[in-house]
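Dear colleague,

I am passing on a structure that you have not worked with before.

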Amino acid sequence: MLCVVLYHVFCRFKQIYTGMDDMYTEPLGRLGVLIFLIISCWYLVDFNEINRDKFDLKKYYKGKLVRLWPCYAISITLTAIIVHFFYLPDRMSTWGDWLLNLFFINGFVGTPYVDGAHWYLTTLVAFIMIVGCAKKFRIDRSPAFYLMWIFILIIAIRMRLEIIYQIIGGNYVFVLSIIISVHAFIAGYARTIKNKFLWLSLGMVSGVGIVLFLGIKCFFQIVFILPLFLGCLHEKIKIMECKFLVFLGMTSYSIYLIHQNVAYEVEYYLMKSIGHYTEVISIVGGVVAVLSGVVLYYGIDKFNKNFNN
């Protein structure tokens, strides 16, 4: 979350409102997105799941989407109201846009985001919907299913079928597939030689896809992040268990939802008041945005978690 916040309040703000760039925080945007994506994708498929015959698709969707929606709905509503009353160039949207955003529809039909940072949710919702159907038909543990998914993605890219491209999750399908492949090996699901070959093939195809469609830098970022994630998963990196970082982890979704436009509002009007940009403006915007996310967590997200549990 810190990577994403630093990228937005420094690099993206400077790009949009000053025409400058920030070489120090520019790589952090993709890095933060990949960390979020690796964590999300890892938990989409449970290779140790039992009682698959009793899988309830409606319950699965409800469990995943209800967890995401209340805090998200409050966040975009607050963002839309704030931007409506305090003009923010390049961030404006209509109430019609807000309505489509409210139900996660906008990203699939080309409607602008109330908050541009929420493009990630479009990808995540696409993954949840498709993997849910795969679980229903018991093919979510099949490497052939993910290879077919990649095949459809490549056709959509080649034929410029933008709607299909968005519906199936875009280029980040390659990241999903490589994470699922690694998960299958670590969970011991790839037992037979045939299974090992298919999962390894999926991993290799996904790796090539990442290099070709997301870039070599993205590939090496994943290579860097994945061992750290696995270390945290198996409680091998003790520094990540400190209370401050755990707290940031708990509040990260709320901070992600609210931080970008709130920070830009603070930065934009501070810059107008001062007459020029300074790094302090971004620091103040970032602090306000993180605090807003913490308030949103305690006001909405924590209650929603406890209610779902």
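In what follows, a residue is called buried when its relative accessible area is under 20%, exposed when that area is over 50%, and partly exposed in between, using a 1.4 Å probe and protein chains only. By that rule, 47% of the 309 residues of the chain count as buried.

Before the rest, a note on the source: this is a predicted model, in which local features need pLDDT of at least 70 and side-chain atom pairs count only at pLDDT 80 or more, while totals for chains, interfaces and linings use all residues. Residues are numbered from 1 along each chain as its sequence is written, and side-chain values use heavy atoms, with hydrogens and water left out.

The whole chain

The chain holds 13 helices and zero strands, where helices (H or I, at least four residues) and strands (E, at least two) are DSSP runs numbered from the N terminus. The C-alpha trace spans about 65 × 45 × 40 Å along its principal axes. For 309 residues a compact globule would have a radius of gyration near 19 Å, and the 20 Å of the chain agrees with this; the radius is taken over C-alpha atoms, and the globule rule is 2.2 Å times the number of residues to the power 0.38. Taking contact to mean heavy atoms within 4.5 Å, 73% of the contacts between residues at least 6 apart in sequence join residues at least 24 apart.

Helix α2

Helix α2 covers residues 26–42, and its 17 residues should span 24 Å at 1.5 Å a residue, which agrees with the 26 Å between its end C-alpha atoms; the expected span is 1.5 Å times one less than the number of residues. Twelve of the 17 residues of α2 are buried, so the helix is largely enclosed by the rest of the structure. Among these buried residues are Leu 28, Gly 29, Phe 36, Cys 41 and Trp 42. The buried residues of α2 pack against α1 (2–17), α6 (119–136), α9 (173–186), α11 (216–233) and α12 (243–274).

Gly 231

Leaving aside residues up to four places away in sequence, Gly 231 touches Lys 236 and Ile 237. Gly 231 and Phe 174 lie 57 residues apart in sequence, and their C-alpha atoms are 22 Å apart in space.

With best wishes
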